[in-house]
Amino acid sequence: MRQTSQISKLTSLSAGFLALSLTVFCASFSASALANDAMPAAPAAEAVKPEVPGKPKSDPAAGEALYSNGDVSRGVVACVSCHGANGKSASGTWPKLAAQHAAYTAKQLKNFKEGTRANPVMMGMAAALTEQDMVNIAAYMAKQEPSLGVAQNKETIELGQSIYRGGIAAKGVPACAACHSPTGAGIPAQYPRLSGQWAEYSTAQLMAFREGVRKNSAQMTIIATKLSDQEMKAVADYMAGLH
Ligand code: HEC
Ligand code: HEC
């Protein structure tokens, strides 16, 4: 497809440049983090522990059963009805969950239950889940193949790419790639995969962070506050085709 080949061309052209600009970005990022403690911390500074002591051990098979069938006796709705077989949802109303980092997915379910991520549909779904259910489903989703997508809007690909890779210096917006990785695969455990996600969903999340509906990440709230609707849509569309 034309768009896909255009994206891969853009990607390979700027791969070398990216490594350079990421290094430059990280240097300037730490400098500005020192100057302003409201700035989010760079990921490299944070230790990543895959096994958290005192947390339940995951059982992906139990997660698969609950994801696919729900549990009527406990009021758990089958996740598959919206999020699709293997976490590959059919439309941008429902996010893809396939190949997402387990710790991130479990955190989101907890946040829905606590209400720091205020989505009426998912607050209802998560209310019926125990912490063990959350960890199990998250482990099952993390084992699925990533679901790829395609950017739809040719006019905004360049803008989206420049925001993703370089941020917007004039507005103090950091490069998304610094935390979500150059390919959009994310960095376990805190930084989620964005690659291939429906643009409609990613745009809605950026807006939810900006409007304070999603209050579960100070880092993302600061960043989203600085983005216009047009910039959000451009970067979300670019991420949909990124891999
Ligand atoms: C009726 C449809 C529906 C069902 C059923 C459903 N979800 Fe969701 N889910 C949604 C919607 C809509 C969102 C986006 C919420 C938002 O905008 O914050 C979502 C978001 C999520 C997210 C956040 C994804 C991310 O990238 O941050 C997770 C995790 C999730 N759902 C897990 C589940 C699990 C586990 C189940 C089954 C127990 C489930 N969902 C059942 C509709 C549904
Ligand atoms: C300083 C690190 C950092 C940077 C830079 C960053 N993010 Fe994030 N982002 C995060 C974290 C952490 C989360 C997960 C928040 C949570 O736990 O709910 C996140 C979550 C998201 C989500 C929600 C994903 C989902 O599945 O719901 C989107 C969309 C997103 N970021 C887009 C962006 C975009 C676009 C940029 C660049 C303009 C960006 N991020 C830059 C740290 C960062």
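This report describes the helices, the nonpolar cores and the ligand surroundings of a predicted model.

## Basis of the model

Residues are numbered from 1 along each chain as its sequence is written, while chains are lettered from A and ligands numbered from 1 in the order in which they are written. Because the model is predicted, local features need pLDDT of at least 70 and side-chain atom pairs count only at pLDDT 80 or more, whereas totals for chains, interfaces and linings use all residues.

## Overall make-up

The chain has eleven helices and zero strands. Helices (H or I, at least four residues) and strands (E, at least two) are DSSP runs, numbered from the N terminus.

Of the chain's 243 residues, 37% count as buried. A buried residue has 20 or more other C-beta atoms within 10 Å of its own, an exposed one has 12 or fewer, and a partly exposed one falls in between; C-beta atoms are placed from the backbone. Among contacts with a separation of 6 or more, 70% join residues 24 or more positions apart; a contact means that the C-beta atoms of two residues, placed from the backbone, lie within 7 Å.

## The nonpolar cores

The largest nonpolar core has 25 residues, and those with the most contacts inside it are Tyr 164, Cys 176, Val 235, Ala 236, Tyr 238 and Met 239. Such a core is a set of buried Ala, Val, Leu, Ile, Met, Phe, Trp, Tyr and Cys residues joined through C-beta atoms within 7 Å. Two or more of its residues come from each of helices H7 (157-166), H8 (177-180), H9 (199-211), H10 (218-225) and H11 (229-241). H11 gives the most, with seven residues.

Leaving aside residues up to four places away in sequence, Cys 176 touches Ile 163, Tyr 164 and Val 235. Another core, of 22 residues, lies apart from this one and includes Cys 79, Met 134, Ala 139 and Ala 142.

## Helix H6

Helix H6 (residues 131-142) has twelve residues, and ten of them are buried, so H6 is largely enclosed by the rest of the structure. Met 134, Ala 139 and Ala 142 are among these buried residues. Their cover includes helix H2 (60-69) and H4.

## Around ligand 1

There are 21 residues around ligand 1, of which Cys 79, Cys 82, Gln 108, Asn 119 and Met 125 come nearest. A residue counts as near if its C-beta atom, placed from the backbone, lies within 6 Å of the molecule. Helices H3 (80-83), H4 (102-114) and H5 (120-127) each give two or more residues to this shell.
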